[in-house]
Every structure is written in structure tokens, then in C-alpha cells.
Amino acid sequence: MAQNMDERRGAIERMINEEGNVSFVQLKEAFPDVSEMTLRTDLRYLDDQHLIVRVHGGAKSLGFAVGTDGLMASRRTRRVDQKDRIAREAAKLVRPDTTIYLDSGSTTTDLASCLDDMRMIVFTNSISVVSALARLEKARVHVIGGTFNRYSLDMVGGTAMEMVGKLSFDQFFLGVTTYNDNFGFCCGSDDEAAFKRLLVRNSGETIVLMDSSKVGRTSTFSICSLDAVSTVVTDEGISPAFENRCHAEGVNLVKAG
């Protein structure tokens, strides 16, 4: 059954808010029976109503546009199956008697939920990660303080930077918003990006948790280049081009099946 205008615009809005960042090509694929002119009119209307933000080549959710990367509640509903498989594969990389840092984010929260209960030290600045770690009895959990970000449910700012600056970690499990060859791994907040860069610097091994939909997209603030990380854990939908880039940079690519 054909959608009326309001139904179609509602579906477009939901798609953009669920994905965070959608290209016009993706919209055309999702709505093949709708003309390009009509889709552009729909985007203009949604932007005028302050429901999404039009950008060159597509549209972003309000969370992406203002640098919050979306509410944690909405992020946890995106690509649930892929994130679960990525988290379970990443959990296999954690070793006992080590010190690890779990970044904030939906996939790192899933990782915290499936970690084996072993003797280790875990640091995080994420409220959702801490909640997921509460079930562990053998691990020692340390929470980094700072300014609370109500969107991503984590602590950032000068206090967090100062605390992390005095620490070192065996492994840093990094969550990112996007990756592209020009800017590397990125996120939508300058505070978050600066904090993540410090963690990369202070960690012996950086492991990126990233589903394949994030490759080829752009966010405002760069975290680090591909050659700054040791491993990328992703899903089987990852592009051959990205796989080849990892091989060229000597980065271990783990595809969660």
C-alpha cells in the first residue's frame, strides 16, 4: 500500500533518527518509488520543522548535528544484532590480570555485559558500562569522574582528562561514530574526541568496536588515524576497501560472524 505524504515523512524522520547520519543515496534506496524531487522536498520540510538537519549529500539527526551522537537510548536500538556479535567477539580479546578501559557507547556497554568474570582492573567513564559491570565479582572497577553528559551517559571534561592523564592501560576498547580515510575515526563531540585521544595515547593496545555502517561517513571531530589502533572488531558487512586498508596499515581486523 502506498504511503501518504505524512506517513512517508514520518518514515524518513525515523530512519534518520535511528541511523543518525543518512546519505541521499540511502534514502533513494529506502524509498525507490519516490522521486528525488519529492525526497528533497520532504527533507526540506523536516529541516524547517527542526526534526532533522539537512547536510550536503543527505541528512543528520539532531543529536549528530549538535555533537551528542544521539541519545544513548536511541543508539542502543540501532544495529542490535551486529553490535551484540561485535561485543562477544571483542570479549574474547580481554585477558585476566590486565588493566582495561571501556569507552562509553552502546557497543562497549554490550561488551561489559558479556565479559567473563575474571581478575582484572576495569576503568570507564560510562554510567551504562558501570551498570553492566556490576554483576562481576572478581574484577575491580574504577569510575572516572567529570562533567556528566546526559546524552551519552558518561563523564567528560577537565576532571576526567586529569584523572586519565595519570593512568595507563593494557587495552582500550574504543567506540567511534564514523570512519573515513581522510579523517580516520571520528565522533561528534570535541570533548569526547579529546578524551578518547588521551586514552589512545595512554594505552598499550587500542581496539575499535565499530559496525560496518560507520565506514565512509563523516563526523566533525577526529579521534585518531587507522594506524594508531591495533585491532578493529566489526561485522561481516565491512567493505573490502576497508579490509584492504587495515591490511596495508598492519591493523588486525576481526569480523564477528
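**Close-up views of a predicted model**

**View A. Packing of helix α1 against helix α3.** In this predicted model, helix α1 (residues 5-19) packs with helix α3 (residues 36-48) at an angle of about 70 degrees, and their axes lie 10 Å apart. Since angles of 65 to 115 degrees count as roughly perpendicular, α1 and α3 are therefore roughly perpendicular to each other. On the α1 side, the contact is made by R8, R9, I12, E13 and I16. On the α3 side, T38, L39, T41, D42, L43, Y45 and L46 take part. Sorted by class, the residues in the contact of α1 with α3 comprise six nonpolar, two polar and four charged ones.

**View B. The parallel pair of strands β5 and β6.** Strand β5 (residues 121-124) pairs with strand β6 (residues 140-143) in the parallel sense, over four bridges. Within this pair, T124 stands opposite V143 of β6.

View C. T231 belongs to strand β14, which covers residues 231-235. The relative accessible area of T231 is 4%, and the residue is therefore buried, the cut-off for that class being under 20%. Leaving aside residues up to four places away in sequence, T231 touches L93, E205, T206, I207 and V208, as well as V251, N252 and V254.

Notes. Residues are numbered from 1 along each chain as its sequence is written. This is a predicted model: local features need pLDDT of at least 70, side-chain atom pairs count only at pLDDT 80 or more; totals for chains, interfaces and linings use all residues. Side-chain values use heavy atoms; hydrogens and water are left out. Axes are lines fitted to C-alpha atoms, for helices over the stretch in contact, and angles run from 0 to 180 degrees between N-to-C directions. Helices (H or I, at least four residues) and strands (E, at least two) are DSSP runs, numbered from the N terminus. Angles under 35 degrees count as roughly parallel, over 145 as roughly antiparallel, 65 to 115 as roughly perpendicular and the rest as oblique. Contact means heavy atoms within 4.5 Å. Ala, Val, Leu, Ile, Met, Phe, Trp, Tyr, Cys and Pro count as nonpolar, Asp, Glu, Lys and Arg as charged, and the others, Gly among them, as polar. Buried means under 20% relative accessible area, exposed over 50%, partly exposed in between (1.4 Å probe, protein chains only). Two strands pair if DSSP finds at least two bridges between them.
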